[in-house]
Amino acid sequence: MASKRGALIVLEGVDRAGKTTQCKKLVQALLQSGLPAEMMRFPDRSTTIGQLISAYLEKKSELEDHTVHLLFSANRWELVPVMKKKLEQGITLVVDRYAFSGVAFTSAKPGFSLDWCMKPDTGLPQPDLVMFLQLNPDEAALRGQFGAERYETSAFQKAVQEKFEQLMKDQTVNWKVGRSFALIHCGDGTKAIIYPTGLLF
Ligand code: 2DT
């Protein structure tokens, strides 16, 4: 019997919202409930394209804004065959950032429309669920200073948050917004329901 397709679950949010921690917890919970699951993250800095992106983020190189946008998208496309294979094998993928980050971050720069930013990612595997981790500015402040990478300033993160809010209006995407997410285990291990916890907005 062919195994059931895995789910494509994406976690999005501004920096320091806890995406990586939540991704790891989710993979653990899925595995514990008997569902094969793996974590992925974008940018994937391990590929040749990913290394160009990483140098740019670390401010070790400069790249023209359209160019770096296309590199982020290319970095997703180069992983699509791997993603499809895993999903077909029944593995649920929990992905730390995806095309939504791509659009939100570039369109927060002057002169970029959401529409232009979305084009290169058209046709990527559609997530079954996109969880947006909400973090209010007070909580963000409590989490200390930003790091030294590009984009890590409060003004830019605020602009990114606004872009995410526009993207969340798209009802063709299964957005769930919360401060954290919990998994309901359904006894036989064939089903898991993820729901947002904490205050919404
Ligand atoms: P982290 O590796 O800490 O998540 O930061 N970004 C990410 C973009 O500008 N475009 C994209 O397509 C993606 C996936 C967000 C990576 C930084 O890169 C930004 C923060």
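## Around the ligand

By class, the shell around the ligand holds six nonpolar, two polar and one charged residues. Here Ala, Val, Leu, Ile, Met, Phe, Trp, Tyr, Cys and Pro count as nonpolar, Asp, Glu, Lys and Arg as charged, and the others, Gly among them, as polar. A quick word on provenance: this is a predicted model, where local features need pLDDT of at least 70 and side-chain atom pairs count only at pLDDT 80 or more, while totals for chains, interfaces and linings use all residues. Residues are numbered from 1 along each chain as its sequence is written.

So who's in the shell? The residues around the ligand are Phe42, Pro43, Leu57, Phe72, Arg97, Ser101, Gly102, Phe105 and Tyr151, with "near" set as a C-beta atom, placed from the backbone, within 6 Å of the molecule. Helix H4 (residues 99-107) gives the most to that shell, with three residues.

## The chain as a whole

There are seven helices and seven strands, taken as DSSP runs numbered from the N terminus (helices are H or I, at least four residues; strands are E, at least two). Reading along the sequence gives β-α-β-α-α-β-α-α-β-α-α-β-β-β.

The C-alpha atoms fill a box of roughly 50 × 40 × 30 Å along the principal axes.

## Strand S3, covered on both sides

Five of the five residues of S3 (residues 92-96) are buried, so the strand is largely enclosed by the rest of the structure. Buried means 20 or more other C-beta atoms within 10 Å of the residue's own, exposed means 12 or fewer, and partly exposed is in between, with C-beta atoms placed from the backbone. In a regular strand the side chains alternate between the two faces of the sheet. In S3, Thr92, Val94 and Asp96 are buried on one side, and Leu93 and Val95 on the other.

S3 pairs (at least two DSSP bridges) with S1 (residues 8-12) in parallel through four bridges, and Leu11 stands opposite Asp96. S2 (residues 37-41) also runs parallel to S3, over five bridges; there Met39 stands opposite Val94.

## Gln22 in helix H1

Gln22 sits in helix H1 (residues 19-32) and counts as buried because it has 20 C-beta neighbours inside 10 Å. Beyond its neighbours within four places in sequence, Gln22 is in contact with Leu11, Leu133, Ser180 and Phe181.

Definitions and conventions
Two residues are in contact if their C-beta atoms, placed from the backbone, lie within 7 Å.
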